[in-house]
Amino acid sequence: MHLALEDELATLHRKPAALVFSSCYVANDATLATLGSKLPGCVIFSDSMNHASMIQGIRHSGARKVIFKHNDTVDLEQKLAQFPKETPKIIAFESVYSMCGSVGPIEKICDLAEEYGAITFLDEVHAVGMYGPTGAGVAEHLDFEAHQATAKSGSTVKGSAMDRIDIITGTLGKAYGVVGGYIAGSTDLVDMIRSYAPGFIFTTSLPPANVSGAQASIAYQKSYMGDRRLQHLNTRALKQKFDSLDIPVVPGPSHIVPVLVGDAGLAKAASDMLLTDHGIYVQSINYPTVAAGEERLRITPTPGHTVEQMDHLVGAITSVFDTLGIKRRADWVKEGGRAGVGATASKEAERMAPVWTDKQIGLVDGTAPKTLSSTKGDRAIVDLKALAEAQRRFDNTLGKAGFNPVQTAVEHARNAELARNVLSHGLQVPTYLSAQA
C-alpha cells in the first residue's frame with residue numbers, strides 16, 4: 001500500500017520516484033537536513049517567508065544559510081552570484097505562502113538555479129489538490145494546457161515548470177483530507193533521502209487505512225477538477241464581498257484570504273468574538289508568524305462553503321470590525337499602507353490576477369461549477385467517474401470484495417426513488433452529497 005501511494009505521488013508530479021513521511025513538516029525537515037549535511041560545503045538559499053519546517057531542516061543540516069527577500073529574484077541572484085558555480089547550492093521556497101497568500105516566482109527561480117548551478121526545493125503544501133489540472137500544484141498549473149492534454153498518459157512535459165523543479169514536497173492533509181507528507185524527485189535523490197534521513201528511518205510508518213485513503217483522494221482529485229474550480233470561485237466571491245465593504249485583505253493571487261488587523265490584541269479579540277458571538281472559528285495570526293503590526297485573520301474558502309455561510313462570515317467580520325474599531329482599508333491608505341494594503345488609494349492597483357484564469361475555472365465556456373446554496377438544498381458534488389477511477393486503484397488489493405461506489409450510489413438512488421437518469425442528470429446520494437455521472 002505504501003509503495004502504491006508513492007507511485008501515485010510520483011505520477012502526480014511526473015517524477016520518477018516519491019517518498020512518504022509521517023507529515024510534511026517531517027518531510028521538509030528531514031530532506032533539507034539530509035541534503036544539506038551530505039553535500040560538502042552546501043549553501044542553502046531560503047526565502048524569508050519560508051515555513052518553520054524548512055527553517056528547521058536548514059538549521060539541522062548544519063549547512064550555511066543565506067536568506068533572500070520574499071519572492072525577490074533580484075536579491076536572490078545577487079546572493080547566488082557571491083558563490084562559485086561549483087559550490088553545492090539549494091534554493092528552498094514555496095509555491096503558495098500560507099500567511100500572506102503570495103505565490104512564488106517558480107519559473108524565474110528555476111532560471112536562476114540553472115544559471116548558478118543550484119538544486120530547487122519547492123514546498124507545494126498549500127497548493128497540492130488545489131491547483132493544476134490534476135491537482136499537482138502551482139508548478140503544474142503554470143503549464144496548465146500542456147499538462148491537461150497529457151493527463152491520461154502522465155508523461156513528463158519537458159521544460160515545464162514542474163519538470164524543472166528537482167524536489168517537490170507536499171501534504172496528504174489539507175486538500176487531500178488525510179495525514180502525512182511526501183517528497184517527489186529523481187530516483188537517486190529519493191533513494192538517498194530514504195537511506196540517510198532519520199526522520200524517515202526512525203519512526204512509525206503511516207497506518208494502511210490512512211495510506212489507502214490518501215491514494216484514493218489523490219486519484220479522485222486527479223480525475224475531477226470541480227472541487228478546485230469551485231474553491232477558487234468561492235475565493236473570488238469572498239474577496240469581492242470584503243472589497244465592497246472596505247475590509248482590508250492582503251493582496252494575493254491564491255485562495256488564501258488574509259484579513260489585515262494590524263494589532264495583536266485586536267486580532268485575538270476579533271478571533272474570540274467571531275467564535276463566541278457568531279459561531280465562526282477563524283484563527284488569528286500574530287508575531288512571530290507574521291511581522292509585528294501585520295497581525296491578521298487568515299481565511300481559506302473551500303468548495304463546500306455555501307453562499308449563506310460566506311454571507312454570514314462577511315456580516316460577522318463587518319460587525320466585529322465595527323465593534324472593535326479595527327481599521328478599514330481607507331484607514332490604512334491614510335497611514336501609507338501596510339502588508340500591501342492601502343499602499344495606494346487605488347484598489348485596482350493593488351489587485352492581483354488570480355492563478356486560476358477565467359478560462360481554466362470554466363467561466364468562458366460555461367462549465368464553471370455553482371456555489372452551493374443551503375436555502376436551495378444544494379449538496380456537494382461527488383463525481384462518479386472520478387470515484388470509479390479512484391476505486392480501480394484497489395482492484396488488485398480488494399478483488400471481488402471491493403466496494404463499487406458507482407453501483408452503490410445507483411442502488412441508493414433507486415431505493416430512495418430519486419434517480420431519473422444517471423448519465424444525464426446526476427443522482428442523489430446521502431443527504432449531504434449529490435453525485436454526477
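## About the model

Residues are numbered from 1 along each chain as its sequence is written, and side-chain values use heavy atoms, with hydrogens and water left out. In this predicted model, local features need pLDDT of at least 70 and side-chain atom pairs count only at pLDDT 80 or more, while totals for chains, interfaces and linings use all residues.

Helices (H or I, at least four residues) and strands (E, at least two) are DSSP runs, numbered from the N terminus.

## Helix 12 with helix 14

Let's start with helix 12 (residues 226–244) and helix 14 (residues 307–324), whose axes lie 10 Å apart at an angle of about 30 degrees. Axes here are lines fitted to C-alpha atoms, for helices over the stretch in contact, and angles run from 0 to 180 degrees between N-to-C directions. The two helices are therefore roughly parallel to each other; angles under 35 degrees count as roughly parallel, over 145 as roughly antiparallel, 65 to 115 as roughly perpendicular and the rest as oblique.

On the helix 12 side, the contact (heavy atoms within 4.5 Å) is made by Asn 234, Leu 238, Lys 241 and Phe 242, and on the helix 14 side by Met 310, Asp 311, Leu 313, Val 314 and Ile 317. These residues divide into six nonpolar, one polar and two charged. Ala, Val, Leu, Ile, Met, Phe, Trp, Tyr, Cys and Pro count as nonpolar, Asp, Glu, Lys and Arg as charged, and the others, Gly among them, as polar.

## Helix 11 with helix 18

Helix 11 (residues 208–223) packs against helix 18 (residues 384–392) at about 140 degrees, and their axes are 8 Å apart. That makes helix 11 oblique to helix 18. Ala 216, Ala 219, Tyr 220 and Ser 223 of helix 11 meet Ala 386, Leu 387, Glu 389 and Ala 390 of helix 18. Six of the contact residues are nonpolar, one is polar and one is charged.

## Lining of the largest pocket

Helix 12 returns here: six residues, the largest share of the lining of the largest pocket, come from helix 12. Strand 11 (380–383) and strand 13 (433–436) each supply at least two residues as well. By type, the lining divides into 13 nonpolar, twelve polar and eight charged residues.

## Two backbone features to check

Tyr 287 and Pro 288 are joined by a cis peptide bond, with omega about 10 degrees. Pro 288 sits in the loop between strand 9 (284–285) and strand 10 (296–299).

Lys 174, although not a glycine, has a positive phi of about 45 degrees. Its place is the loop between strand 6 (167–171) and strand 7 (181–185).
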